[in-house]
Amino acid sequence: MIVEELFESFFLFLLLAAVGDIIVERSGVLNLGIDGFITLIFALCYSATIAYGPVASLALVLVAGAIYALLIALFVNLLHSSHVLTGLVTNMVFYGLSVLIGYWGLDLATERGVPRTLSISTPLDWRTVLALSILAVSATWVFLYRTRIGTAVRACGYNPRSADYLGVNVWRTRLLSLVLGYIIIALGGYVYVLFYSKAWTPYIGMGYGFLALALAISSLWHPLLITLPTVIFSYLLRSLYVYQLEYGISQYILSMIPYLASIVFITAVIASPLGKKLPIPKALGEIYYKEERAA
Amino acid sequence: MPKIAVVRRDLPPTLSAVVRLGAALAGIGIAILSISVILGVDAWTVTERVVGTFLRPDMIRYLIVFLPVGLGLAVAYHARLWNLGAEGQIVMGAVAAAYVALFTPLGEIRVVGPLAALLAASLAGALWALLPGILRAYLNVNEAITTLMMNYVAYSLCNYLVYGPWRGRRVYGYPETDLIPDASKLQWVHGYSFSPWSLVIAIAFVPVIYLFLYKTRIGTALRGYGSSPAAVELSGISGTRLIILAFFVSGALAGLVGGNEILMYHRKLVPGEKIGAGMGFVSIMVAWLADLNPALMPLSAYYVSALHYLRMVMQVGELTEPVARFFIGLVFMLLLVSIFVSKYKVVIRK
């Protein structure tokens with residue numbers, strides 16, 4: 001059935017990553033660090049599940065999300081570093097670290113004589129996935145558009161200086177949305193490892209973070225609009241190998257399709273009338289320098 | 001409750017250089033420490049090898065990559081255009097150079113062959129950078145994300161060629177093309193894997209880019225575009241053209257390096273991940289380590305090349321590459337802190 005095809009665990013992962021990214025970027029933090037984090041969280045989740053079981057792994061993964069958010073906040077808020085450089089550097093560090101953590105899990109599995117593939121008794125069926133994704137999307141929408149803090153978050157992304165004049169603490173708001181966003185992204189990583197891949201290979205997940213970033217841009221950072229492109233992309237990504245088998249198209253040609261498609265998609269949305277209408281986080285990537293308020 | 005405020009300041013250039021140098025030295029310390037702890041080699045041996053890599057000419061092979069790419073990226077970053085696609089531009093340059101050397105008669109001719117291949121390579125890199133550049137200039141599409149995506153597309157395109165139509169007849173199933181003709185190869189300095197000509201070309205770009213950025217009208221406009229696009233437009237220079245030019249120059253230099261990698265180092269086209277090897281991303285930090293100043297770029301490229309070469313020296317199996325990534329990343333984190341120290345200070349008010 002087509003619904004089962006569309007709403008499965010990979011879709012849930014991609015949706016959670018993109019929604020988390022929306023929360024982060026709505027506060028004006030350009031979130032390139034997401035790719036390193038997703039690579040790290042796959043390795044951490046895999047190894048922690050082997051070592052301590054699925055429940056402890058979930059707790060650990062969520063804590064890791066919060067810590068990563070604190071690290072990014074330290075650089076972009078306190079150290080006034082460029083958001084792009086911060087993202088690239090943290091990516092580099094955590095790509096490397098992820099492999100070390102992943103091998104620790106693999107070695108542990110061999111040592112204890114358990115299979116390297118995780119065995120989870122209850123797979124996610126499409127109803128659960130659908131329910132969870134509706135919950136995630138609507139909760140994010142309510143948070144961003146119907147609460148005081150959410151409005152402050154969007155204000156920080158649109159014009160941090162004006163937000164500051166109105167009494168919003170920009171640093172604190174950006175920190176909050178980073179922590180919240182990264183916890184959601186971490187949850188997505190947990191879903192991916194436990195219900196989709198169930199295994200780990202070096203650098204698995206590299207590039208998915210940037211894809212989530214592209215999805216967020218192509219929905220103009222709106223949590224309700226993100227569902228459609230995510231459905232399309234997750235379906236596209238999983239069905240690529242089918243085309244390879246059925247039509248004999250080279251896998252290397254196929255593997256560039258998601259990236260090309262996202263460029264086309266972003267361009268089309270930004271050039272369309274919709275792109276000029278919806279308010280987007282204009283100050284994305286802007287370093288907020290508080291003491292310049294008077295100038 | 002004491003209030004913490006971060007206040008802008010400008011350290012004098014010498015002191016600022018000292019801070020940057022301190023970060024670089026501390027970075028070497030981190031490299032030694034992380035290698036000896038994670039890989040379990042004793043610290044003294046590691047120190048010896050690290051000092052060794054900074055003195056050995058082998059790392060010039062990486063300098064030839066990092067210096068021109070860093071210079072090109074500095075042009076784009078001066079205009080605050082985030083070209084993060086150097087990796088893909090290097091790969092496309094490599095593809096173009098391999099095409100000229102392998103599949104055109106030019107490849108068999110001495111001197112003309114390599115020159116034509118390098119020209120094609122820089123053109124390919126420039127065109128690859130131009131697509132995100134055009135999208136940014138005319139439609140205001142965020143260039144950081146599109147250039148990142150183009151990296152993956154370039155990887156796949158190159159892999160398609162080496163696994164498919166371009167796979168060599170004498171490579172026993174390896175995903176690579178045949179070797180390029182001898183006439184196209186750039187000869188190595190005896191005992192090392194770099195060519196003196198490539199080094200000369202790489203160094204020649206230092207004054208060229210310096211003069212372009214600081215002594216020409218367009219270069220000055222490019223630097224101004226970063227802080228105030230409106231002012232540049234008002235002075236009668238088209239912002240759209242500046243964006244296109246910045247992407248073209250940075251792409252052309254990255255492409256040239258990619259072509260050089262084929263003629264000088266690999267001597268055949270290999271999968272994209274092996275050509276780029278993350279060096280396009282590391283080059284971004286090379287540019288920032290030198291504060292985007294072309295005159296300082298040789299120093300920062302030297303430092304980063306030595307760190308990069310270090311992993312070739314530490315042969316410890318499958319963990320070498322991730323550990324190298326990890327410590328180079330840590331070194332760059334220190335760099336971000338050093339930028340902060342030289343630009344801001346923390347004031348605590350009671």
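Me: Starting with chain B, where is B:Arg267 found?

Reply: B:Arg267 is found in the loop between helix H10 (239-266) and helix H11 (272-276) of chain B. Helices (H or I, at least four residues) and strands (E, at least two) are DSSP runs, numbered from the N terminus. This is a predicted model, in which local features need pLDDT of at least 70 and side-chain atom pairs count only at pLDDT 80 or more, while totals for chains, interfaces and linings use all residues. Residues are numbered from 1 along each chain as its sequence is written, and chains are lettered from A and ligands numbered from 1 in the order in which they are written.

Me: Thanks! What is the phi of B:Arg267? And is B:Arg267 buried or exposed?

Reply: Its phi is near 65 degrees, a positive value in a residue other than glycine. B:Arg267 is buried, with 21 other C-beta atoms within 10 Å. Here buried stands for 20 or more other C-beta atoms within 10 Å of a residue's own, exposed for 12 or fewer, and partly exposed for anything in between, with C-beta atoms placed from the backbone.

Me: Over in chain A, what about the phi of A:Leu220?

Reply: A:Leu220 has a positive phi near 55 degrees, and this residue is not a glycine. A:Leu220 sits in the loop between helix H10 (208-218) and H11 of chain A. Its 20 C-beta neighbours inside 10 Å mean that A:Leu220 counts as buried.

Me: Nice. Now H3(B) itself: how do the axes of H3(B) and H7(B) cross?

Reply: The axes of H3 (residues 60-78) and H7 (residues 196-215) of chain B come within 9 Å and cross at roughly 20 degrees. Axes are lines fitted to C-alpha atoms, for helices over the stretch in contact, and angles run from 0 to 180 degrees between N-to-C directions. That makes H3(B) roughly parallel to H7(B). Angles under 35 degrees count as roughly parallel, over 145 as roughly antiparallel, 65 to 115 as roughly perpendicular and the rest as oblique. The crossing is left-handed, meaning the near helix is turned anticlockwise from the far one by less than a right angle, while clockwise would be right-handed.

Me: What classes of residue make up that contact of H3(B) with H7(B)?

Reply: There are 14 nonpolar, two polar and no charged residues. Nonpolar covers Ala, Val, Leu, Ile, Met, Phe, Trp, Tyr, Cys and Pro, charged covers Asp, Glu, Lys and Arg, and the others, Gly among them, are polar.

Me: And in chain A, how do H2(A) and H11(A) cross?

Reply: The axes of H2 (residues 9-26) and H11 (residues 227-247) of chain A come within 9 Å and cross at roughly 135 degrees. The two helices are therefore oblique to each other, and the crossing is right-handed. A:Phe10, A:Phe11, A:Leu14, A:Leu15 and A:Ala18 in H2(A) meet A:Thr230, A:Val231, A:Phe233, A:Ser234 and A:Arg238 in H11(A).

Me: How many residues of H3(A) are buried? And what follows H3(A)?

Reply: 17 of the 19 residues of H3(A) are buried, leaving the helix mostly covered. H3(A) is followed by A:Gly53, which has a positive phi near 90 degrees. The axes of H3(A) and helix H5 (residues 83-112) of chain A come within 8 Å and cross at roughly 15 degrees, and H3(A) passes H5(A) in a left-handed crossing.

Me: Last topic: how many residues of chain B are in contact with chain A?

Reply: 42 residues of chain B are in contact with 36 residues of chain A. H14(B) gives the most to the side of chain B that touches chain A, with 13 residues. By class, that side has 33 nonpolar, seven polar and two charged residues.

Notes
Contact = placed C-beta atoms within 7 Å.
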